Amino acid sequence: MPTVLVVDDQVLIRAGLVSLLNAAPGLTVVGEACDGDEAVRLAGTTAPDVVLMDLRMPGTDGITAMERILARTGTGARAGTGAPRILVLTTFDLDAYVYSALRAGACGFLLKETPPERLVAAIHTVASGDMLFAPTVTRRLIEAYHPGPVPPGTIAPEWDTVTGRERDVLRLVATGATNADVARQLFISEATVKTHLNRAMAKLGLSTRAQVVVFAYETALVTPGGPTALP
């Protein structure tokens, strides 16, 4: 049964979310936080499966809280079981804050006007290990807000350890290709695609496919307006 930490600075919204999720079958709220600092503290002590995170909060905002939570993987009651999945709640569907959330490792985002049943389904989706947003949405956000390729000297030195085939896989994944798409285009098995992708992500410290997309744009593996994945 997925456990959830609810983070929102507006007390009425937070209370409504907690009531909704506690009433939903198969979900348990293990804590609620009114700001980023409290979110970091509670994530460490309650070890939720999913953090439902507001972005714009006074003091420590949602992006900073996400970064701190994910950096503390392995703390708390479920030490060693991995970081929680971060599901962002936002007011705008095309927003620089959402881009920053993707870069930091969010697994999905929802508008605050999302119907209750869709919110509950979304929590189950990210708790199971899936991403919530379509690759086209990720690409649209990144093309709108990414600052351009980073200077070569600032790219993580681990990039030099990524093989040519691993870069091919990263490039295709960043255009929105599924593992099956990549396998067809590179004439390899899906298992091999998964192996290359996992190895590359481990080398680069990336935990989500959204982070792969961001990284690919920042290193110019993929460029704005470039080709998309084959259907």
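This is a predicted model: local features need pLDDT of at least 70, side-chain atom pairs count only at pLDDT 80 or more; totals for chains, interfaces and linings use all residues.
**Salt bridges**

Side chains of opposite charge can pair when their charged atoms come close. The count in this model comes to ten salt bridges.

| Lys112 | Asp8 | 3.1 Å |

Lys112 forms a salt bridge with Asp8. Lys112 sits in the loop between β5 (108-111) and α5, and Asp8 in the loop between β1 (3-7) and α1 (11-23), so this pair ties together parts that are 104 residues apart in sequence. Asp8 counts as buried because its relative accessibility is 0%, under the 20% limit. Lys112, at 31% relative accessibility, counts as partly exposed. Both residues also belong to a network of salt bridges that links Asp8, Asp54 and Lys112.

Arg103 is in helix α4 (residues 96-104) and Glu218 in helix α10 (residues 209-218), so the pair ties together parts that are 115 residues apart in sequence. Arg103 is partly exposed, with a relative accessible area of 45%, whereas Glu218 is buried at 10%.

Lys203 has a relative accessible area of 29% and is partly exposed; Glu166 has 3% and is buried.

**Val126**

Val126 is found in helix α5 (residues 116-127). With a relative accessible area of 0%, Val126 is buried. Leaving aside neighbours within four places in sequence, Val126 is in contact with Val50, Arg85, Leu87, Cys107 and Leu132. The C-alpha atoms of Val126 and Asp49 are separated by 9.0 Å, although these residues are 77 places apart along the chain.

**The largest pocket**

Rolling a probe the size of a water molecule over the atoms shows where empty space is left. The volume of the largest pocket is about 230 Å³. Its lining includes Arg85, which is also one of the residues in contact with Val126. Other lining residues include Gly129, Met131, Asn179, Lys194 and Arg209. Helix α9 (residues 190-204) supplies the largest share of the lining, four residues. By residue class, the lining divides into three nonpolar, five polar and three charged residues.

Conventions:
Residues are numbered from 1 along each chain as its sequence is written. Side-chain values use heavy atoms; hydrogens and water are left out. Helices (H or I, at least four residues) and strands (E, at least two) are DSSP runs, numbered from the N terminus. Buried means under 20% relative accessible area, exposed over 50%, partly exposed in between (1.4 Å probe, protein chains only). Contact means heavy atoms within 4.5 Å. On a 1 Å grid over the protein atoms alone, a cavity is a set of points where a 1.4 Å probe fits but cannot get out, and a pocket is an open set with protein on both sides within 12 Å along at least five of seven lines; lining residues have an atom within 4 Å of a point. Grid points are joined across faces, edges and corners, and a volume is the space filled by probe spheres set on the points. Ala, Val, Leu, Ile, Met, Phe, Trp, Tyr, Cys and Pro count as nonpolar, Asp, Glu, Lys and Arg as charged, and the others, Gly among them, as polar. A salt bridge is a side-chain nitrogen of Lys or Arg within 4 Å of a carboxyl oxygen of Asp or Glu.
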